[in-house]
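Please have both at hand while going through the numbered points.

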Amino acid sequence: MTLFRLDGKRALVTGGSRGIGLAAALHLRELGADVTIAARDEATLRRAAEGTGLHWAVADVSTPGGVQAAVDATGRVDILVSNAGGPPPSFPSQVTDDGWQRGFETTFLSTTRLVDGVLTGMRERRWGRIIAITSLTVGRPALNLPVSNAMRAAVTNHLRTLSLEVAQDGVTCNTVAPGYTATDRLKALHATPADAEKLTARIPARRFGQPEEVAAAIAFLATTEAAYITGQEILVDGGWGI
């Protein structure tokens, strides 16, 4: 028997034009899934999908219309990977009502709406994988990321709660919480070599993670072999959270 294959499954990966989202989409594709990536910028999506066999859809999933566009472009969704760009950094006392609202729509509501758009079909087929990409800051808040800390924690607990309802229907709900991973966002937040060296010195693995390493955990959770794993937060952080 061939293990860890996704032939015949269809996946939607949001925020899939770069970084961890794109790495996850490519890994799912390698396992045989038919994969659609969604993001806001058409040119970036085109470049990401070129020569990969990935489908793409322009969609802003912070809006109901964007969520619907992404789901419609995919068709049947067996695997949902919800991935939203991180809210901008600030200190907690500096976040405005507008900042909280934008974080709520981009990070939390995007996931709940995507889930609502695919869950009925998953339950009817008695097979589904819902995976949200969050952050190690769910359990270890970063001072300069208050909106991300709060909204990703909300996503985590929403999926934990949902997992209790849908486990009997063959649908799993999990989150993957990356540690410090070599993405464009990490480079923006820790721009200087000295800053990066100071940070990696605190990581037991003594390096930043690679998007492909996070993608491997996401892909495993999408497989049939992971059917008994649900309601979990999987840390991929080089030992930071120990």
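1. Basis. The model is predicted; local features require pLDDT of at least 70 and side-chain atom pairs pLDDT 80 or more, while totals for chains, interfaces and linings use all residues. Numbering starts from 1 along each chain as its sequence is written, and side-chain values rest on heavy atoms, with hydrogens and water left out.

2. The sheet. Seven strands form an open sheet in the order β3-β2-β1-β4-β5-β6-β7, and the pairing is parallel. β3 (55–58) and β7 (233–236) are the edge strands, each with a single partner, so one side of each has no neighbour in the sheet. Direction ignored, neighbouring strands are turned by 20° against each other on average. Strands (E, at least two residues) and helices (H or I, at least four) are DSSP runs numbered from the N terminus, and two strands count as paired if DSSP finds at least two bridges between them.

3. Pairing of β6. Strand β6 (residues 171–178) pairs with β7 in the parallel sense over four bridges. In that pairing, P178 stands opposite V236 of β7. β5 and β6 are also joined in the parallel sense, over six bridges, and I131 faces N174 in β6.

4. Burial of β6. Eight of the eight residues of β6 are buried, where buried means under 20% relative accessible area, exposed means over 50%, and partly exposed lies in between (1.4 Å probe, protein chains only). In a regular strand the side chains alternate between the two faces of the sheet. Here V171, C173, T175 and A177 point one way, T172, N174, V176 and P178 point the other way, and all are buried.

5. A177 as an example. Which residues does A177 contact, leaving aside its neighbours within four places in sequence? They are T134, S135, L136, E233, I234, L235 and V236, with contact taken as heavy atoms within 4.5 Å. A177 is found in strand β6 and is buried, with a relative accessible area of 0%. The C-alpha atoms of A177 and A205 are 16 Å apart, and the two residues are separated by 28 residues along the chain.

6. Helices on the sheet. Helix α2 (residues 42–49) lies across β2 (34–39) and β3, and runs at about 175° to β3. Helix α8 (residues 211–222) lies across β4 (79–82), β5 (128–133), β6 and β7, at about 170° to β6. Axes are lines fitted to C-alpha atoms, for helices over the stretch in contact, and the angles run from 0 to 180 degrees between N-to-C directions.

7. Nonpolar patch. L3, F4 and F220 make a nonpolar surface patch of about 250 Å². Patches consist of residues with over 30% relative accessible area and no salt bridge; nonpolar side chains (Val, Leu, Ile, Met, Phe, Trp, Tyr) are joined within 5 Å and like charges within 9 Å. Accessible areas come from the Shrake-Rupley method with a 1.4 Å probe, and for residues only the protein chains shown count as cover. F220 lies in helix α8 and is partly exposed, at 33% relative accessible area.

8. The structure holds 12 salt bridges, each being a side-chain nitrogen of Lys or Arg within 4 Å of a carboxyl oxygen of Asp or Glu. One of them joins R10 and D34, whose closest N and O atoms are 3.9 Å apart. This pair links distant parts of the chain, with R10 in strand β1 (residues 10–14) and D34 in strand β2, 24 residues apart. R10 is partly exposed at 28% relative accessible area, and D34 is partly exposed at 26%.

9. Salt bridges to helices. D169 and R123 form a salt bridge with closest N and O atoms 2.7 Å apart. D169 lies in the loop between α5 (146–166) and β6 and R123 in helix α4 (residues 97–125), so the pair ties together parts 46 residues apart in sequence. D169 is buried, at 10% relative accessible area, whereas R123 is partly exposed, at 29%. R123, R126, E165 and D169 are linked in a salt-bridge network. E233 also bridges to R160, with closest N and O atoms 3.9 Å apart; E233 is in strand β7 and R160 in helix α5, 73 residues apart.
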